[in-house]
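Colleague: I'm new to looking at protein models. Could you show me how to read one?
Modeller: Gladly! Let's open it up together.

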Amino acid sequence: MAQQQTMEICTTISEVRQALKGVSHTPVGAVLTMGALHDGHLALVRQAREECQTVVASIYVNPTQFGDQTDLAAYPRGVQEDLRVLREEGVGLVFMPTDAEMYPPGFDTWVEPGKIAEPLEGVHRPGHFRGVCTVVLKLFNALRPDRSYFGQKDAQQIMVIRHMAEDLALGVEIVAVPTVRERDGLALSSRNAKMRFEERQAAPVLYRALCLAQELALRGQRDADTVREAMQECIAAEPLASIDYVSVADVETLEELTGIDRPALASLAVRIGETRLIDNVLLT
Ligand code: AMP
């Protein structure tokens, strides 16, 4: 149920630390976002609200995870609406740092993730996960959450962050929340708003390809190449779509599979016009 309550907004690390200092209601759950909030983000907030006594959300468009500066400049923003929605969801605290707060002059320490960050997004967005890990670690250090909620839509991101949390003993539980989709299957994303009408009509092709992979696996297809090819053909039939990658990989290591003889993640990145979309499903 939507609730109305006071929501504190902090823009500096010292303010947010101060605000969280006196918090006796634990666990503290964090939802880290880049704003332009939609129902996918709200699923994270709602699960955090159910499982945590205190929920803090962050809104920060992290420049260091964007390789392409045009993409960063074009990233949708709508802070006032975001704050209204978070207030309505009953979030108690919002952290909205500036670039100067997160990357002050002289900032020069980075988190370099390992092998799990190399394939898929790692190939197509070099340096992306380095930027993600660095900002997530800094946000964790500012907020000190017990749990943090991430969307399964960004499956590799969850794996990379889990790895970091374990390797560096962060003491934060990383919770995965199922992907929220439109009625036609398109995974909700802040980037969806950038698509023209015809592009939006074409975009559900990602989910169609993933459902096809699921169906083939369910019917007993165990050859990963056959499944990848079927997904590629499905995408190729959509003239506005061009493939960055199509993958059927081990769900633990993200290594491409030859045979689907263990739990697998089918994932893809596809450009619809100028908009790059990603999505994934588990194959069992
Ligand atoms: P972003 O603002 O795109 O960085 O996303 C913030 C968080 O929301 C990340 O953990 C995303 O995985 C998650 N998220 C984004 N879209 C969805 C979705 N459609 N369903 C579930 N979680 C999502």
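We will look at aromatic rings, and then at the ligand.

Modeller: One thing to keep in mind is that this is a predicted model.

Colleague: Thanks! How many aromatic pairs does it have?

Modeller: A pair of aromatic rings is described by the distance of the centres and the angle of the planes. Here the count comes to 4 aromatic pairs. One of them joins Y103 and W110, a stacked pair with centres 6.1 Å apart and 20° between the planes.

Colleague: And how are the rings of F107 and W110 arranged?

Modeller: Their centres are 5.3 Å apart and their planes meet at 80°, so F107 and W110 form an edge-to-face pair. Together, ring pairs link Y103, F107 and W110 into a cluster.

Colleague: Is Y103 buried or exposed?

Modeller: The cut-off for buried is under 20% relative accessible area. Y103 has 17%, so Y103 counts as buried. W110, at 29%, is partly exposed, and F107 is partly exposed too, at 25%.

Colleague: Now the ligand. Which residues come nearest?

Modeller: Of the 17 residues around the ligand, the nearest are M34, H41, D154, V180 and L188. The shell divides into 8 nonpolar, 7 polar and 2 charged residues. Its largest share, 3 residues, comes from α2.

Colleague: What lies 2.6 Å from an oxygen atom of the ligand?

Modeller: That is an N or O atom in the side chain of D154. The protein covers 92% of the 480 Å² of accessible area that the ligand has on its own.

Terms used:
Residues numbered from 1 in each chain as written. Predicted model: local features only at pLDDT ≥ 70, side-chain atom pairs only at ≥ 80, totals over all residues. Heavy atoms only, no water. Phe/Tyr/Trp six-rings, centres within 6.5 Å; stacked < 30°, edge-to-face > 60°. Buried < 20%, exposed > 50% of the residue type's maximum accessible area, 1.4 Å probe, protein only. Near = heavy atom within 4 Å. Polar contact = N/O pair within 3.5 Å; in protein donor to acceptor, adjacent residues only side chain to side chain. Areas by Shrake-Rupley, 256 points an atom, 1.4 Å probe, with all protein chains shown as cover. Helix = DSSP H or I, 4+ residues; strand = E, 2+ residues; numbered from the N terminus. Nonpolar A, V, L, I, M, F, W, Y, C, P; charged D, E, K, R; others polar.
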